[in-house]
Amino acid sequence: MNKKENILKVALELFASQGFDNTSTSLIAKKAEVSEGLIFRHFANKEGLLNEILEEGLIKIKPFIDLILAEKHPEKIIYLTLELPYKIISEQKEFWKLLMNLRQQNEKFRKDLNDNSFFEPLNNKINNAFKDLKFSKPKMEAETFFITLTGFGLYLIDNGDKENAYKLIKNIQLKFSK
């Protein structure tokens, strides 16, 4: 692993565990065993470092989202989306934890994430799935669904019991089926 990759890895771990606002570049430099100046040589500032972490993380989860976007059956779309946090956390736990922490701790990021075109196709797919399933209030169902999904993601971060998590996914899937 080169120094830049190590900085990204350490920053991801620290941002995920301590929060973006509570993590200084000097702490990242210390933990990565590099100079703080090297961080600024690779990244313009702390926000630039975060943006690169987010870009890399989104690239890694894109295949999971593309699988959902390719699905035609509305119930299967809902099922696959419910499995998304489970799959991502299995491979990208620190990244998911970072997204959840940023969403809770940083209002600007929460707005940026909600406005982010990366997630817009998934949001539209879920809204349309509830319409296709003839829910009386598909937009409200989609919002409830995403709140449930966020809560499930937080549960997975806090609780490492994958067997129980999978049972919970199946139970939640039943609640959204018609």
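**View A. Lysine 87 and glutamate 83 sit four residues apart in helix 5, about one turn of the helix.** In this predicted model, local features need pLDDT of at least 70 and side-chain atom pairs count only at pLDDT 80 or more, while totals for chains, interfaces and linings use all residues. Residues are numbered from 1 along each chain as its sequence is written, and side-chain values use heavy atoms, with hydrogens and water left out. Helices are DSSP runs (H or I, at least four residues) numbered from the N terminus. The two side chains form a salt bridge, with their closest N and O atoms 3.7 Å apart; the term means a side-chain nitrogen of Lys or Arg within 4 Å of a carboxyl oxygen of Asp or Glu. Glutamate 83 counts as buried at 13% relative accessibility, whereas lysine 87 counts as partly exposed at 27%. Here, buried means under 20% relative accessible area, exposed over 50%, and partly exposed in between (1.4 Å probe, protein chains only). Look for Lys170 too: Glu83, Lys87 and Lys170 are linked in a network of salt bridges.

**View C. A salt bridge joins lysine 4 to glutamate 52.** The closest N and O atoms are 3.2 Å apart. This pair links distant parts of the chain, with lysine 4 in helix 1 (residues 3–18) and glutamate 52 in helix 4, 48 residues apart. Lysine 4 counts as partly exposed at 28% relative accessibility, and glutamate 52 as partly exposed at 22%. The structure holds five salt bridges.

**View D. Helix 4 (residues 46–70) packs with helix 5 (residues 74–105).** Their axes lie 10 Å apart at an angle of about 170 degrees. Axes are lines fitted to C-alpha atoms, for helices over the stretch in contact, and angles run from 0 to 180 degrees between N-to-C directions. The two helices are therefore roughly antiparallel to each other, a label for angles over 145 degrees. Among the residues that meet are Leu50, Ile53 and Phe64 in helix 4, and Leu84, Lys87 and Phe95 in helix 5; contact means heavy atoms within 4.5 Å. By class, this contact has 17 nonpolar, three polar and three charged residues. Ala, Val, Leu, Ile, Met, Phe, Trp, Tyr, Cys and Pro count as nonpolar, Asp, Glu, Lys and Arg as charged, and the others, Gly among them, as polar.

Note on methods: Angles under 35 degrees count as roughly parallel, over 145 as roughly antiparallel, 65 to 115 as roughly perpendicular and the rest as oblique.
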